[in-house]
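Trainee: Could you walk me through how to read the features of a model like this one, beginning with the terms and then going to the case itself?

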Amino acid sequence: MTVHDAEQLAAMKFGVGQPVRRGEDPVLVRGEGCYTDDIDVPGQLYAAMALSRHPHGSIRGIDVETAKSMPGVRAVVTGDDLQKAGYGTLDCGVPATNRDGTPLHKTPRPALAVDRVRFVGEPIACVIADTPLAARDAAEAVALDIEPLPAVVDVHAALAEGAPLLHEGVARNVALDYHYGDSEKTAQAFAKAAHVTKLRIVHNRVVVNAMEPRAAIASYDAKDDRFTLTVCTQGVIGMRTQLAKEVLHVPPEKVRVVSKNVGGSFGMKGSVYPEYVPMLHAARLLGRPVKWANDRSGSFLSDHHGRAQEVEGELALDEKGRFLAVRLTGFGDMGAYLTRFGPLIPSLNWVKNVAGPYRTQFIEVSTKCVLTNTVPVGAYRGAGRPEAVYFMERLIDLAAGEMGIDRVALRRRNFIRPRDFPYAAASGQTYDCGDFERLMDEALEAADWKGFPARKRASRKRGKLRGRGISTYLEMTAAMGSELGSIRFEENGDVTLFSGTHDHGQGHQTSFAQIVVDKLGVPFERIRLDQSDSDLLPNGGGTGGSRSIMAGGTAILSTLDKVIERGKVAAAALLEAAVGDIEFTQGRFRIAGTDRSIGITELAVRLRKATGLAPDVPRSLDHAEMSTPIPGVFPNGCHIVEIEIDPETGASRIDRYVSVNDFGTVVNPMLVEGQIHGGAVQGLGQALMEDALYDAEGQLRTGSFMDYAMPRAADTPRFDILHHPVPTSTNLVGAKGCGEAGCSGSLPVVVSAVLDALSDLGIKEIDMPATPLRLWTAIQAAKPA
């Protein structure tokens, strides 16, 4: 086999579009990964937090003397200490406005509570000690004198007349009174509608439960007056920027953020948490590193929660079932403080995603973001996208039943058609491409939609209820902004990529390496990725909103184009040819029409040692590029599920799960399928079992895995995943993002299947989660007396 043949084979095996096994996995499955809690540094101390046991109360006193006197305790930090030191608060970063044009009411959150506590689990003091146990024991010894205040634990109680207010200046606990749309035109559309479907829909609160609990190590270099935070995060640059500018009030170069392996995040680890601030303060105060690691029980109370929304949805249709307008009027439970992106989720993200792949003339969204005495709510896989899709898909199924129209036919007649692109949606977005009807037809065929009646009869013979669900979703990913793509050729022939994105399970090293293999022909096994250190990255946008392959991939492709351009100049000099005669294919620069060539890694090594080169010849192929801002894109798909329910117990079992998705260019089908698996399982978990519940006094009733059900392997079906790619032209990769789409498709399709199974009993509505108890209760209530 020639070198050329080997290079072609490598590109075929490891290039874009190939199901390459994750290069990250061998290290991780052997337990050799490096997560934050795996790291220990010389001289480190340990932190533990004293937390509020009250959902609401005035702090009358904090007695830390007993804790300070305990063996091994080095310091106890309170909110007063942080205020005196001049640290900033943790604030919402959403520039949203109320319907009257005024800005949203921010809720500045001190890292440690100062005057009031507003939810159970809010940190009040931070103990620093020689060992983790000493720190925990001393944290329990911090004496808190708190005068209980009335608490509100749901949005309706918080909005009630005379309800206790969580924050001064936030009337009726409404942090944001959001409105989008033309009310008059929407009302006219509803007035002329032949049919209007209305439905109250609840999106249950969930606990994020990333596999790796949060952890951090804070240190301070007095000589350089510089902080370092080693932490699990979704992007080191974003974390550094927030810490430096908003919390520590120092120039960004005075803060270094390091983040190694991260065991899941789903939006939860994207911003600064309170614990990090007193740790950094203590590290400077004591001159020693400070480590903290959360446990699972602590995660239930300190990690932000997800979803927690309620809406009155309305869909207006004409006499032929064509959509005229959709209107959402609802609430988003923000918890006790606005998180970094909390208000964005039930406002603008509803707007951008509710219309889906359908021709809908008008959208109106009215949302109140309400503060309650509960754990703050933030981004959770999809962050408003799955919610909006769920609202629309539930309305469509109900409208189909009310109008006597087949639910597949109703979707079909409202799809945006290929000839409609580019399509100006009522959300203000412009969809660039899609093939929604053909994609749905592929899913119907793959799921054997026509064979369902026979399977339903077979289930009935076994005493089971069987239902099928369908959802056709479209979501808008995060707007990309700019992203870093950087490449460095090492002396040993390896290639190191740098990206401002951050992998927390997505497989960036593998997918980015495939792009390099495809473009440069560098062997897959010689490519490394580093996203872990803010000192190595001049900029970067982090990972979130399914942006990484579009933003990061585009930045890398832009960089590789420059590398090839520079390489042609360098190769021409070394091969003694004109630049115009140099061509680049399969990893080699060649003089056109000859057999004289040089490989790209060999060229990079020779340039390091070359002397006497002309001034215009690059001395290195290393290059960094910031991509131009990229608009959000529109992944879409069709999910179909069949479910069986045992009417005697309410237990359900998903029998089959088919999805066909359009993610544009698929860099690695295996990784994409993994993302769909994960998103779908999180969706079915919320649909069937997960529910974070508070009692009337503000205590979390589901504070551990003893009380909070999570989907297990036995709960998951086989997933049949097919691709119907329609590449987008809005980014160089042609990709549309897939990280959150599994949730968007699975939530509505699972509930659709449940309701279809219950429809024979006359049951038309059920709230998530459709637990065995909830299903059994509904079935018993539907039986004749």
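Mentor: Helices, of at least four residues, and strands, of at least two, are DSSP runs numbered from the N terminus. Please keep in mind throughout that this is a predicted model.

Trainee: With that in hand, where is the place of Lys320?

Mentor: Lys320 sits in the loop between strand E13, residues 305–317, and strand E14, residues 323–335.

Trainee: Which residues is Lys320 in contact with, leaving aside its neighbours within four places in sequence?

Mentor: Contact here means heavy atoms within 4.5 Å. Once the neighbours within four places in sequence are left aside, Lys320 is in contact with Ile405 and Arg413.

Trainee: Let us turn to helix packing. At what angle do H19 and H20 pack, and how far apart are their axes?

Mentor: Helix H19, residues 669–688, packs against helix H20, residues 741–758, at an angle of about 40°, and the two axes are 7 Å apart. To put a word to such an angle, one takes under 35 degrees as roughly parallel and 65 to 115 as roughly perpendicular, with over 145 as roughly antiparallel and the rest as oblique. H19 and H20 are therefore oblique to each other, and their crossing is right-handed.

Trainee: Which residues of H19 and H20 meet, and how do they divide by class?

Mentor: On the H19 side they are Ile676, Gly679, Ala680, Gln682, Gly683, Leu684, Gln686, Ala687 and Leu688, and these meet Ala741, Gly742, Cys743, Ser746, Leu747, Val750, Val751 and Val754 in H20. By class, this contact of H19 with H20 has 11 nonpolar, six polar and no charged residues.

Trainee: H20 also packs with H12; how are H12 and H20 oriented to each other?

Mentor: Helix H12, residues 385–403, and H20 pack at about 30°, with 8 Å between their axes, and because angles under 35 degrees count as roughly parallel, H12 and H20 are roughly parallel to each other. The crossing of H12 and H20 is right-handed. H12 brings Arg385, Pro386, Val389, Tyr390, Glu393, Arg394 and Asp397 to the contact, while H20 brings Cys743, Ser744, Leu747, Pro748, Val751, Ser752 and Leu755. The residues of the contact of H12 with H20 divide into eight nonpolar, two polar and four charged.

Trainee: And what is the handedness of the crossing in which H16 passes H17?

Mentor: That crossing of H16 and H17 is right-handed. Helix H16, residues 508–520, and helix H17, residues 548–575, pack at about 30° with their axes 10 Å apart, and they are therefore roughly parallel to each other. By class, the contact of H16 with H17 has 10 nonpolar, five polar and two charged residues.

Trainee: Next, the backbone. Which peptide bond to Pro422 is cis, and where does Pro422 lie?

Mentor: The bond from Phe421 to Pro422 is cis, with omega near -5°, and Pro422 lies in the loop between helix H13, residues 407–414, and strand E16, residues 423–424. A cis peptide bond also joins Met768 and Pro769, with omega about -5°, and Pro769 lies in the loop between H20 and helix H21, residues 772–782. For phi, consider Asn173, where the value is positive, about 65°, although Asn173 is not a glycine; the residue lies in the loop between helix H6, residues 155–159, and strand E7, residues 174–180.

Trainee: What lines the second largest pocket?

Mentor: The second largest pocket holds about 700 Å³ of space, and among its 28 lining residues Ala48, Met49, Leu51, Arg136 and Asp295 lie nearest its centre. Strand E1 (45–51), helix H5 (132–141), strand E12 (290–293) and helix H10 (296–302) are the elements that give two or more residues to this lining, and E1 gives the most, with six. By class, the lining of the second largest pocket has 15 nonpolar, six polar and seven charged residues.

Technical notes. Residues are numbered from 1 along each chain as its sequence is written. This is a predicted model: local features need pLDDT of at least 70, side-chain atom pairs count only at pLDDT 80 or more; totals for chains, interfaces and linings use all residues. Side-chain values use heavy atoms; hydrogens and water are left out. On a 1 Å grid over the protein atoms alone, a cavity is a set of points where a 1.4 Å probe fits but cannot get out, and a pocket is an open set with protein on both sides within 12 Å along at least five of seven lines; lining residues have an atom within 4 Å of a point. Grid points are joined across faces, edges and corners, and a volume is the space filled by probe spheres set on the points. Ala, Val, Leu, Ile, Met, Phe, Trp, Tyr, Cys and Pro count as nonpolar, Asp, Glu, Lys and Arg as charged, and the others, Gly among them, as polar. Axes are lines fitted to C-alpha atoms, for helices over the stretch in contact, and angles run from 0 to 180 degrees between N-to-C directions. A crossing is left-handed if the near helix is turned anticlockwise from the far one by less than a right angle, and right-handed if clockwise.
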